[in-house]
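Let's take a walk through this structure together, one part at a time. Have the sequence and the 3D view ready.

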Amino acid sequence: MSLLLQGGRVIDPSQGIDAVLDILIENGQVKALGERLSGQGARKIDCHGLIITPGLIDMHVHLREPGEEWKETIATGTLAAAAGGFTAVACMPNTQPPNDNAEVTRFILKKASQEAFTRVYPIACITKGQKGTQLTEFGDLKRAGAVALSDDGRPVPDAFMMRLALEYAKNFGLPVISHAEELSLSQGGHVNEGLASATLGLKGIPAEGEAIAVFREIMLAKLTDAPVHIAHVSTKVAVEIIRWAKKQGIPVTAETAPHYFTLTEEAALGYNTYAKVNPPLRSAEDREAICQALSDGTIDAIATDHAPHSDLEKFIEFEQAAFGLVGLETALALALRLVNQGLLSLSRAIALLSTNPARILKIAGGSLRVGSPGDVTVIDLEKKWVPRKENLHSQGKNSPFLGWELQGQAVMTIVEGKITFSRM
Amino acid sequence: MAFFNSRGQDMNASFTANHILDIASLSEEDIFYILKLALNLKEILHRPIPKVPTLRGKLVALMFFEASTRTRLSFERAAKSLSADTLSFTARMSSVEKGETLLDTILNLESMGVDLFIIRHAMAGTPHFVAKHSRARVINAGDGFHAHPTQALLDMLTVYQKKKTLSGLKIAIIGDIKHSRVAHSNIVGFRKMGSEVYVAGPATMLPLEREALGARVCYRIETALDQADVVMALRVQKERHGRALLPSVREYAQEFGLNLKRLELAQKDCLLMHPGPVNWGVELAPELQNDPRNVILEQVENGVAVRMALLVALLGGNA
């Protein structure tokens with residue numbers, strides 16, 4: 001079975017392509033890219049007026065399986081991903097039990113092979129039980145299929161332990177992803193320290209706590225000459241430190257999430273638990289700095305930190321409500337919003353959502369080069385739509401963007417030459 | 001008594017709020033309406049039989065998830081003098097201990113016919129949450145470190161009675177500003193009415209973010225006290241602190257406690273206020289107990305009047 005996508009505007013940052021071309025996918029791979037391909041016997045899909053990009057890759061999601069299947073499963077989470085235009089997701093290890101041993105990694109991959117609508121790349125814990133005291137078996141985890149290491153949800157509190165992790169990961173070429181948070185400053189906090197904490201009477205989480213943790217990781221990357229990736233950057237100070245570190249040649253990469261470049265702490269006012277997230281939504285100045293960092297290359301990737309919760313965890317007192325929001329189905333439209341506002345080029349947006357995450361995780365995809373995996377996203381830039389609880393595919397409806405009028409949506413998602421989601 | 005706002009306009013407006021969740025969501029008109037109504041209702045408390053039938057048949061639930069003496073009894077007294085029925089709830093010995101969610105607790109009580117919930121909770125935003133999900137009216141009786149709007153209203157009433165205005169005053173709030181919902185609501189309230197609010201205390205309890213509310217943060221207590229019209233001391237809340245934010249209570253009393261000497265900095269006719277309960281010898285020196293500037297017990301009486309006014313405003317009835 002082969003697919004011929006005809007007449008779409010192909011944007012492939014990995015090759016610097018932005019042109020109207022046909023693309024032929026055969027045997028799960030990109031077979032040809034060119035003008036007016038014949039594609040005999042292939043199923044032809046008319047893509048005139050649409051954008052064709054390498055499949056989008058979300059390097060930071062929570063699929064909640066095993067252990068919290070009432071929030072999300074590998075099946076529903078990847079369906080939401082496919083509906084959002086993603087062809088691959090990397091899932092964080094804070095499941096129950098956590099993905100801190102090869103058996104859990106294998107379980108995730110087995111379920112994914114049976115039920116998933118996208119590729120699934122497990123990220124394993126840095127430390128046993130995410131407790132920060134003992135390294136997991138990096139070699140065993142890598143053999144089982146883990147692509148990266150992170151204690152996401154909590155930082156590794158001890159700098160020496162983080163140093164060991166960065167060093168040991170070099171043996172296996174595994175990227176280490178840091179959830180950068182200085183716990184002693186953030187503990188007990190619920191919203192950004194500043195306007196939100198003052199207005200709501202809640203303990204705040206200071207921006208400087210993120211900066212302190214980011215700086216520590218960067219110094220450890222320098223010390224060990226091992227790459228570190230900073231998850232969900234939310235503050236201007238962290239951006240400035242990362243920009244400085246990149247200039248020094250320190251091996252650091254970074255991601256941010258759509259809510260940090262779209263919303264500010266004001267979204268939480270009125271005790272809106274759907275806008276309770278860690279790191280918290282920050283000030284307008286932080287948001288602007290994040291946008292700038294996306295465009296100038298300081299931030300390498302957009303990742304959603306998709307964190308589904310049921311209303312059991314959200315429909316309660318703000319201080320008890322869980323942190324996190326769903327993002328897979330709105331990420332593309334929110335990134336395109338920056339494009340429409342002139343803050344990003346379309347090609348840069350696709351690099352942030354596809355090419356760069358593939359490079360950071362060292363996984364296939366992120367490119368439409370001949371021979372690459374047949375992972376493709378077809379996007380309608382004009383399509384207007386409104387996210388609602390009823391039309392989200394994720395089990396988690398905890399989105400602060402419900403009711404927003406968005407523009408741009410994936411209309412077809414193709415993984416390994418197979419259509420996994422279509423609105424065409 | 002005539003009521004004028006900070007622009008000198010006569011305030012005879014109507015009341016528009018459905019709930020009393022915080023001072024920020026009340027308009028200047030709402031606040032004057034409540035203060036005026038409270039002054040009218042206060043007279044009832046001085047009658048030989050201090051009770052009127054205004055709220056007969058209304059059911060008020062006192063939901064105190066956190067310890068309280070003054071506020072709870074004050075609300076109960078207010079409800080009873082208006083002939084409302086009351087249900088008293090305390091989290092201990094209730095289904096909360098069996099793991100019932102707050103929402104279920106509220107919906108169950110609503111099914112019993114509750115018209116108004118008075119909520120005290122250790123977590124900020126809880127009254128807002130209840131207001132969002134219940135058909136009944138809600139009054140916030142203190143939520144976490146967030147707001148204590150009825151305390152601020154009774155403080156404003158006390159100041160208005162004595163100073164005949166709420167604008168152009170200098171208000172000094174001294175103490176643990178960080179953990180004080182009273183400070184929060186008073187900063188917002190007095191700023192809204194056109195007065196300046198200075199806050200001072202140990203810097204570990206004096207968050208800069210309070211400036212976002214319009215308060216002036218002072219590190220020298222003298223700066224706050226200088227020529228103040230109103231001096232409000234806050235209780236040192238020992239039970240709130242996860243970690244010691246103070247070397248010792250003794251040091252607090254020495255450095256930040258109010259006494260005759262320190263009060264000399266303020267206006268001669270200043271008002272000395274405290275939301276209670278007072279730690280005598282800590283935030284206030286015992287020599288201030290019978291000082292003519294001390295209006296702490298008048299605050300308490302005004303508390304009943306303000307709460308009566310809020311019940312009438314929210315539940316209707318003709319006062």
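Before we look at any sheet, one term: two strands count as paired if DSSP finds at least two bridges between them. Keep in mind, too, that what you see is a predicted model.

Start with chain A. Here an open sheet of eight strands runs in the order β6-β7-β8-β9-β10-β13-β14-β15, and its pairing is parallel. At the edges stand β6 (56-61) and β15 (301-302) of chain A, each with a single partner strand, so one side of each has no neighbour in the sheet. Helix α13 (residues 346-361) of chain A packs on this sheet, touching β6, β7 (86-91), β8 (119-124), β9 (148-150), β13, β14 (252-256) and β15 of chain A. The direction of α13 makes about 60° with that of β6(A).

For a look at one pairing, pick out strand β10 (residues 176-178) of chain A. Three bridges join β10 to strand β13 (residues 228-230) of chain A, and the two run parallel. Within this pair, V176(A) stands opposite V228(A) in β13(A).

Now step back to see how chain A is divided up. Its domain assignment gives domain 1 (2-51 + 373-422) and domain 2 (55-361). The centres of domain 1 and domain 2 of chain A, taken over C-alpha atoms, are 25 Å apart. Where the two touch, domain 1 of chain A brings 28 residues and domain 2 of chain A brings 40 residues. On the domain 1 side, the elements giving two or more residues are β16 (376-385), β17 (406-415) and β18 (418-422) of chain A. Of that side, β17(A) gives the most, with seven residues.

One residue of chain A makes a handy stop: T224(A), which lies in helix α7 (residues 207-224) of chain A. Is T224(A) buried or exposed? It counts as buried, because it has 20 C-beta neighbours inside 10 Å. Leaving aside neighbours within four places in sequence, T224(A) is in contact with R163(A), L166(A) and E167(A). Q29(A) sits 195 residues away from T224(A) along the chain, and their C-alpha atoms are separated by 38 Å.

Let's cross over to chain B. In the contact between the chains, 20 residues of chain B meet 19 residues of chain A. On the chain B side, α3 (102-111), α4 (126-133) and α6 each supply at least two residues. The largest share of that side comes from α4(B), with three residues.

That brings us to helix α6 (residues 181-192) of chain B. Why call α6(B) largely enclosed by the rest of the structure? Because eleven of its twelve residues are buried. Among the buried ones are R181(B), H184(B), I187(B), F190(B) and K192(B). The cover over the buried residues includes α1 (28-42), β4 (137-143), α5 (149-163), β5 (170-174), β6 (196-200) and β8 (230-233) of chain B. Just after the helix, G194(B) takes a positive phi of about 95°.

Chain B has an open sheet as well, with five strands in the order β7-β6-β5-β8-β9 and parallel pairing. Its edges are β7 (216-218) and β9 (271-273) of chain B, each with a single partner strand, so one side of each is left without a neighbour in the sheet. On average, neighbouring strands here are turned by 20° against each other, direction ignored. Three bridges join β6(B) to β7(B), which run parallel, and V199(B) stands opposite V217(B) in β7(B).

Elsewhere in chain B, strand β1 (residues 59-64) has five of its six residues buried, so β1 is largely enclosed by the rest of the structure. Six bridges join β1(B) to strand β2 (residues 85-90) of chain B, and they run parallel. M63(B) stands opposite F89(B) in β2(B).

In soluble globular proteins, nonpolar side chains tend to be buried together. The largest nonpolar core here has 236 residues, and those with the most contacts inside it are A172(B), I174(B), V231(B) and L311(B). Helix α10 (residues 296-315) of chain B gives the most to this core, with eleven residues. As for A172(B), the residues it touches include Y198(B), A200(B), L225(B), V231(B) and M232(B), not counting residues up to four places away in sequence.

Conventions: Residues numbered from 1 in each chain as written. Chains lettered and ligands numbered in written order. Predicted model: local features only at pLDDT ≥ 70, side-chain atom pairs only at ≥ 80, totals over all residues. Helix = DSSP H or I, 4+ residues; strand = E, 2+ residues; numbered from the N terminus. Contact = placed C-beta atoms within 7 Å. Axes fitted to C-alpha atoms, helices over the stretch in contact; angles between N-to-C directions. Core = buried A, V, L, I, M, F, W, Y, C linked by C-beta atoms within 7 Å. Domains from an automatic or database assignment.
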